[in-house]
Amino acid sequence: MVGVTGRTTDSPSDASFHESLEPFRHTERYDADVVLETDAYSVGTTAYPEYPTRTVENEDCWIYFEGRIYDELDRPLEDELLEVGERVLETDSESQYLTDWVLETDGEFLLVAYDKSSGRLGLLNDVLGRLPTYYYHDGDTFVFSRELRYLVDAVDGDEFDPLGVAHCLLFGYPLGERTLMRRATRLPPGTYLTFDPDDGTVTRTELHRFDFEYKAYANRTREGNAAELVDRFETACEKRSGYGSRDVISLSGGLDSRSVLAGYHVTDTPARGATMASEKNVPQSDVELAEKLARTFDIEWDLYQVGPARGEDLDTLIKTKNGHVGLLTSFILDFLRQLRADHGSGITYVTGDGGDKALPDLTPARSISSERELVDYVIEENAMLDLEHVARLTGLSAAEIRRSVRDLLRRYPERDFESKYVHFLVYERGVNFMFEGEDRNRQFFWSTTPFYSVDFFRYAMNCPDDQKARYALYREFLEQLSPEAAEHVHPDYGAPIASSRHAAAAFVDDLLSRYPRLFETVLPVIKSVNGLQTDSTVDPETVGCIQDQIDHCDAVGEVLSVERLREFLDSYSDHGQVPIYRLFVITSVIDDIHSSQSVLESRGDAIFG
């Protein structure tokens, strides 16, 4: 993965620090650079030249900054970073300054600070944790990296976390601060962390965690809230422009990407569009809508035909995202490569990510009256693989896995169950899953979205849920932002969002979501009518690859039950593509870590998906 890595000099790795970075130069365009070398620490980067990093220092401290801040600051950025870094490093620092700073700063970033006198080292990320970062601490050893695999290599940390594996099989991502590896921890959003070499201690302070229970703007009308959101969204689009060689909008037919296109258009912010076409993975109706939107807003638009994923694509995702991005998305790498070939790594790739979190009603579709019901609902609505199968495959009990979900929910700041569920969707599915997918894009060029602008996101999450229900607030937002964008069909419902047909379809969708068995029966019909069907069968190549991984790598049996795994694969046609690929990502990570040549490495030309 592109980005920063650092470690104390007493790391158990035999390789020099520069040598330890070499395996993470995933393409020939990556450089491995050591940016800080002291008696106590080494810090370096693996990145392409256009990736946004900078270092600044004065006589007291040294600062590394990765990412972008989109605000206009009252003083030079270098002075701002030095002030923030010094606050991170202070032993008696009041955290209110840093709390205010991350809440008021619109950006995606990770800051590393080093105190030249005391030797203290500090990390600080943005309030949403937009750049996934991992760390390990044990006594005098401290290691951090934007790439999980670095920690595995640096501290011989190849032991898998059973609950992390179970979560990844069940939901597609580990929950909370867990990763797949027992000795690696995810840096939570809005957190500063310091390591003191004198006593080998790590101090961690979570500056802010959003509480989604209280709605500050519940007393405002839907129209008034939409107007405020439009103003903030337009500002977010303008702020994100002009940093790279050009802005390229990832354009589909959906509401989120068309909102971004409209935001750029109404603010006269130059951009072009790019759309991915794939016979197997992208509905043709979505591509046609993207083309219509590009014509409506008169922008330059590129269509990229994407073929099926190859073994080398899957292997790339395993090596760079280490199981935290699903392998079903591997075909996207071909699109990203083509886009980079045409426009270079200096572009800013602007997506609609986050629109699905900020504007819709995320509360449960049915009433939740107890903690047990909440746990049931979280698993029922978000599971990719049946809980009983996960328990049999991992050797953990279903009760133990359920308890881990319950304990996580108890730590959320909200009191009511509906708001806790919203927190789960934002912090687990959003931060721990979707942010990893966005980070995959940054291996090619910088990726951002206006929906996670701090000002926009905070306002949107303070709008009442009843205004968001059945797309009501989104409809008002899009109509005020751009009536032209609202007039185009919403592909999920086959009707414009402002139409009575869309309102009726959203009502039926809301009703069906309250009765999941009926929804499962009707969903294939809805998809077929709206042209959203894609082929989702499991190909024999995938199953054969997993079976070869079991035979090839004994460590698979140390993490998963081989007997249960073989039973599952024998009946693969009963499970569908998503559950099989959940297993595939775990077996592939195990094989990659424990084998000198993994099965995927030997099948670079094989077709998957």
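Analyst: Buried means under 20% relative accessible area, exposed means over 50%, and partly exposed is in between (1.4 Å probe, protein chains only). By that scale, Asp548 is partly exposed, with a relative accessible area of 30%. This is a predicted model, in which local features need pLDDT of at least 70 and side-chain atom pairs count only at pLDDT 80 or more, while totals for chains, interfaces and linings use all residues. Residues are numbered from 1 along each chain as its sequence is written, and side-chain values use heavy atoms, with hydrogens and water left out.

User: Which residue forms a salt bridge with Asp548?

Analyst: The partner of Asp548 is Arg603, and the closest N and O atoms are 1.9 Å apart. Asp548 lies in helix H22 (residues 540–552) and Arg603 in the loop between helix H26 (599–602) and strand E21 (607–608), so this pair ties together parts that are 55 residues apart in sequence. A salt bridge here is a side-chain nitrogen of Lys or Arg within 4 Å of a carboxyl oxygen of Asp or Glu. Helices (H or I, at least four residues) and strands (E, at least two) are DSSP runs, numbered from the N terminus.

User: How many salt bridges does the structure hold?

Analyst: There are 45 salt bridges in the structure. One of them joins the side chains of Glu213 and Arg415, at 3.4 Å from N to O. Glu213 is in the loop between E12 and helix H6 (222–239), whereas Arg415 is in the loop between helix H14 (398–410) and helix H15 (417–441), 202 residues apart. Glu213 is partly exposed at 23% relative accessible area, and Arg415 is exposed at 69%.

User: What about Arg232 and Glu228: how do their side chains meet?

Analyst: They meet in a salt bridge of 2.6 Å, N to O. Because Arg232 and Glu228 are four residues apart in helix H6, about one helical turn separates them. Arg232 counts as buried at 17% relative accessibility, while Glu228 is partly exposed at 30%.

User: Which residues are linked in a network of salt bridges?

Analyst: The network links Glu66, Arg146, Arg186, Lys321, Glu436, Asp439 and Arg442.

User: Where does negative charge gather in a patch on the surface?

Analyst: That patch consists of Asp10, Asp140, Asp198 and Asp199. Patches are made of residues with over 30% relative accessible area and no salt bridge, like charges being joined within 9 Å and nonpolar side chains (Val, Leu, Ile, Met, Phe, Trp, Tyr) within 5 Å. Asp198 is found in the loop between strand E11 (191–196) and strand E12 (201–206), and Asp198 is exposed, at 70% relative accessible area.

User: Turning to cysteines, how many disulfides are there?

Analyst: The structure holds zero disulfides, a disulfide being a pair of cysteine sulfur atoms within 2.5 Å. For Cys168, the nearest cysteine sulfur is that of Cys553, 17 Å away. For Cys463, the nearest is that of Cys237, also 17 Å away.

User: Are Cys168 and Cys463 buried or exposed?

Analyst: Cys168 counts as buried at 0% relative accessibility. Cys463 is likewise buried, at 0%.

User: Lastly, where is Tyr97?

Analyst: Tyr97 is in helix H3 (residues 96–104) and is partly exposed, with a relative accessible area of 24%. Its C-alpha atom is separated by 49 Å from that of Gly494, 397 residues apart along the chain.

Terms used
Accessible areas come from the Shrake-Rupley method with a 1.4 Å probe; for residues, only the protein chains shown count as cover. Lys and Arg count as positive and Asp and Glu as negative; His and the chain ends are not counted. The place of a charge is taken as NZ of Lys, CZ of Arg, CG of Asp or CD of Glu.
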